[in-house]
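Work through the exercises below with the sequence and the 3D view open. Each task is followed by a solution in steps.

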Amino acid sequence: MKPNTLRLLIVILSAVLVVLLTLALGMNPSTDAPDTSGSSQTAAPSGTQSVPSSSQPQSSPPSSSSVPATSTPPATTQPTGDYIGNLYTREQLEAMESQSTGYGAGKEVDSKNRPTYAISLDKKYEKYDAHFICPDDGKIYLTYNFTYEHEGLVQKTLNILKEKDVQCVIFIDKSFAQTYPHMVQQILDDGHILANHCTTHPDLPTLSIDEIVDQIMDIHNYIKDTYNYEMKFFRPPSGYFSEQVWAIAQSLGYRSYNWSFTYLDWDTDNQPAPSETLEKMVNALHSGAIYQLHAISSANAGALPDFIDAVRANGFEFALLP
C-alpha cells in the first residue's frame, strides 16, 4: 500500500472513531447537566415578605418521621350539647353548684370599713361577672329595687334623686314595668340605669335552668320591645344565688350585682325613724359601696336627702355601677 493511501485511511478511521465517540456520549448525558423537569423552585429575592400562613395555600405536611413527637398539639375537648346563651352549655351548667345561698354582707369590715365577706365573695364569683362590692375607688353606688308603689314613696324617691342630681341603678320586675310605665319612662328620662330583677320574684336557685332563663329573658324582652332599651345589669330576687345562677346570667349577657350594704327596710309595717336609718347608712360608708335600698320604705325616703348630703360631705361621690 502506498504511503499516501495509508495516511488517508488513517484520517478516515480517525474521523469515524470521533463520530462514534460523540454519538456514544450523547446517549449518556452527564449527571451535572441542569434539571429541566421544572420540579425545583427559584428562591425568593432577599427582602421579599412572605404571605401570611392564614392566606397562603397549605403545602403537603412533612412525613411523620420528620416531625418531632413534641410538636403535635394535645387534643382539646370541646363542650358538647346545646348552649344556654353564649358561654356555657347545658351540660356545663348542670355540673355547677346550684344550691340556694342567702346573702348578707355581714358585720366584719376591714380597715377601710369595707365588708370582708362581700370582698371574698366578689373574688370568688368574679369569673362569672358577679359582684358584691366595687373597687376601692372613692365612689358610692346607689341601687334600688322597685317592685311596687307604696303610698307614693317610689315616686317621691325618684323626685328626690332628680332634685339632688343623683343617678342610680334601679332593678325592676315585670309587674312593676307593666303597672307603672310612666315611672319606668321617668327612670330612663332621668338618666338612671334600668336593670333586671326577674319577671316575678322567685328563689332562682330552686328553679330549673330553663325556668331561670325564662325569668331573666321574659322581662328583658318586654323592656326591649316596649322601651327599645336593653338591660345589662342583673340582681337575683332577695339576693339568693348559686354558682349556676351567676353563670346563666353571664351567659345571657348580664353583669350581676348583689350589694355591700342593705338592711331590713322592705317591711312597710316595721319602719324605723328616718334619723335611725340615716345613722345606719352613714356609719356603713365605704369606698366602692353598693347600697341596696327599697323605695317602699318611708324611712329611706325620709333619710335620702340627708344621706346624699352626708355622702358628699364625707368626700365620696355617687356613680353608676360599672
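In strand β6, I193 stands opposite V169. The model is predicted, so local features need pLDDT of at least 70 and side-chain atom pairs count only at pLDDT 80 or more, while totals for chains, interfaces and linings use all residues. Residues are numbered from 1 along each chain as its sequence is written, and side-chain values use heavy atoms, with hydrogens and water left out.

**Exercise 1. The strands around β5**

Task: Find which strands are joined to β5 by bridges, and how they run.

Solution. 
Step 1. Helices (H or I, at least four residues) and strands (E, at least two) are DSSP runs, numbered from the N terminus. Two strands pair if DSSP finds at least two bridges between them.
Step 2. Strand β4 (residues 139-146) and β5 run parallel and are joined by 4 bridges. In this pairing N145 stands opposite F171 of β5.
Step 3. The path from β4 to β5 goes through helix α4 (residues 153-163), and this β-α-β crossover is right-handed. Right-handed here means that, with the strands pointing away from the viewer, the path from the first strand over the helix to the second runs clockwise.
Step 4. Strand β6 (residues 193-196) is also parallel to β5, again with 4 bridges.

**Exercise 2. Two faces of a strand**

Task: Are the faces of β5 and β6 covered or uncovered?

Solution. 
Step 1. Buried means under 20% relative accessible area, exposed over 50%, and partly exposed in between (1.4 Å probe, protein chains only).
Step 2. In a regular strand the side chains alternate between the two faces of the sheet.
Step 3. In β5 (residues 169-172), V169 and F171 lie on one side and I170 and I172 on the other; all are buried, and both faces are covered.
Step 4. Both faces of β6 are covered too: I193 and A195 on one side and L194 and N196 on the other are buried.

**Exercise 3. Helix α6 and its partners**

Task: Which elements do the buried residues of α6 pack against?

Solution. 
Step 1. The buried residues in α6 (residues 181-189) are M183, V184, Q186, I187 and L188.
Step 2. These residues pack against β4, α4, β5, α5 (174-179), β6 and α7 (209-227), where contact means heavy atoms within 4.5 Å.
Step 3. After α6 comes G191, with a positive phi near 85 degrees.

**Exercise 4. Helix α8 and A247**

Solution. 
Step 1. Of the 9 residues in α8, 9 are buried. Among them are E243, W246 and Q250.
Step 2. A247 is in α8 (residues 243-251) and counts as buried because its relative accessibility is 0%.
Step 3. Apart from neighbours within four places in sequence, A247 is in contact with Y88, L93, M96 and Y128.
Step 4. A247 and D129 are 118 residues apart in sequence, yet 8.4 Å apart in space, C-alpha to C-alpha.
Step 5. Just after α8, G253 has a positive phi of about 95 degrees.

**Exercise 5. Residues in loops**

Task: Where are D129, D165 and S297 placed?

Solution. 
Step 1. D129 is in the loop between α3 (116-125) and β3 (130-131). Although D129 is not a glycine, its phi is positive, at about 55 degrees.
Step 2. D165 lies in the loop between α4 and β5. D165 is not a glycine either, and has a positive phi of about 55 degrees. It counts as exposed because its relative accessibility is 55%.
Step 3. S297 is in the loop between β9 (289-294) and α10 (298-313). With a relative accessible area of 0%, S297 is buried.
Step 4. Not counting residues up to four places away in sequence, S297 touches L153, Y263, D265 and Q271.

**Exercise 6. Enclosed space**

Task: How many cavities of 30 Å³ or more are found, and which residues line the largest cavity?

Solution. 
Step 1. On a 1 Å grid over the protein atoms alone, a cavity is a set of points where a 1.4 Å probe fits but cannot get out; lining residues have an atom within 4 Å of a point. Grid points are joined across faces, edges and corners, and a volume is the space filled by probe spheres set on the points.
Step 2. The search of the whole structure finds 1 such cavity, and the largest cavity holds about 30 Å³ of space.
Step 3. Its lining consists of N145, F146, T147, Y148, V154, H294, A295 and I296.

How values were computed. 1 Å grid on protein atoms, 1.4 Å probe; cavity = no way out; pocket = protein on both sides within 12 Å on 5 of 7 lines; lining within 4 Å.
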